[in-house]
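I opened the notebook to look up a few local features of this structure. The sequence and model come before the entries.

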Amino acid sequence: MGPLKGIKVVDMTTVLMGPYATQMLGDYGADVIKVESLDGDVTRLIGPMRHAGMGPVFLNTNRSKRSICLDLKKPAGREAVLRLLKDADVLVYNVRPQAMARLQLGYDVVAKINPRLVYAGVFGFGQDGPYAAKPAYDDLIQGATALPALMAQTGDGVPRYVPNALVDRIVGLAAVGAICASLVHRDRTGRGQRVDIPMFETMAGFVMGDHMGGLTYEPPLDKGGYARHLSRDRRPYKTSDGYLSVIVYNDKQWENFFKATGRDDLRADAMFATFAGRAANIDVVYAELARIFETRSTAEWIDLLTKADVPVMPMHDLASMLHDEHLEATGFFPVVNHPTEGPIRSMRVTATWSETEAEPVRLAPQLNEHGAEILREIGYSADEIDAMVRDGVTRSPPRNDDALVRP
């Protein structure tokens, strides 16, 4: 009984950014209907898998949804989507608005059918600039918002992308907030609206929020950048037997650190004694910490710093994170039984509510698993559905033996 129970979302998104957003809406209780092409979302094909079309990227961004496949280039497919939208609360799409217009599914068309609809687009660029019609992907937006340049500055001088679909997930989160805010406005006024969530502008604000620095002022006071984040020594610290994530940040934490390590000499050093002194000499501070942490084992440091109330965490890799004691205690990675994929490791909904607790309502669907069910809900008869299958507008419902095991 999540907080969005009763909200109907038509999800016309693919890959990661849009599906991540709509999965969150589904986890929060919305009825999310994923409209796929006849070939399905391309992420069905990514990664190791037990059965064709059910790869891990798809499984982990498409739970809490029902799947229907439709050929939207055919009039009957478009008609089916319009029927879905008549009583929907939200439409989410992540193609360029020009593509929606070509499908005759632009906001001007859809709003006439359902003026209460929140019409949410997650795509590359704001529509009032010269990049409006450009394609966009995570890597492109990372590059355009200085992340590889920052990686080069703090590393070996070679620009690199962050090894995570950072843009897709951040913009997906921004989309969830924008959609929920639009639903509040709709409930107050009775009117839906178009809301655009552009990748470039969202990430420009995300990155520059930290790194605007002296560029905040006109004329600029410096070339921008947050010195602490840009220190080459801001990294997990090497211990005598591994690595550790530590941050000694405020004056209280530094006082505790001085006491725990017996470093009265640092307490008396102006570069270490005050927040201002540390900020002005951050490279020196981090380099000294690096030397200190090499003198003991990871376990010794975790015990010492925890007792001293200095923020410390283990540096996990992907496999060890699954066995973190906190995540194990909170049941963050439950193993659940997928109806076609068998036992799979899932992830909990991270937010909690005192009154409307949310949890995934279903696991990621096979392609068109709910197609006939959804079509019946919007008024199609069995004969009409059969005709749509024959005409290539949709596909037959999947059978469990349709998912062929890969060698």
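The entries below cover a sheet, a helix pair and some backbone details.

I worked from a predicted model, where local features need pLDDT of at least 70, side-chain atom pairs count only at pLDDT 80 or more, and totals for chains, interfaces and linings use all residues. Residues are numbered from 1 along each chain as its sequence is written, and side-chain values use heavy atoms, with hydrogens and water left out.

Entry one, the sheet. I took helices (H or I, at least four residues) and strands (E, at least two) as DSSP runs numbered from the N terminus. Two strands pair if DSSP finds at least two bridges between them. I found three strands in an open, antiparallel sheet with the order 7-8-9. Strand 7 (237-238) and strand 9 (312-314) are the edges, each pairing on one side only. I noted two bridges between strand 7 and strand 8 (residues 243-246), and Lys238 opposite Tyr243 in strand 8.

Entry two, the helix pair. I looked up helix 8 (residues 166-189) and helix 9 (residues 199-211), whose axes come within 10 Å and cross at roughly 95 degrees. Axes are lines fitted to C-alpha atoms, for helices over the stretch in contact, and angles run from 0 to 180 degrees between N-to-C directions.

I found a cis peptide bond from Glu218 to Pro219, with omega near 5 degrees. Pro219 lies in the loop between helix 9 and helix 10 (227-230). Ala146 is not a glycine, yet has a positive phi of about 80 degrees. Ala146 sits in the loop between helix 6 (138-144) and helix 7 (147-154).
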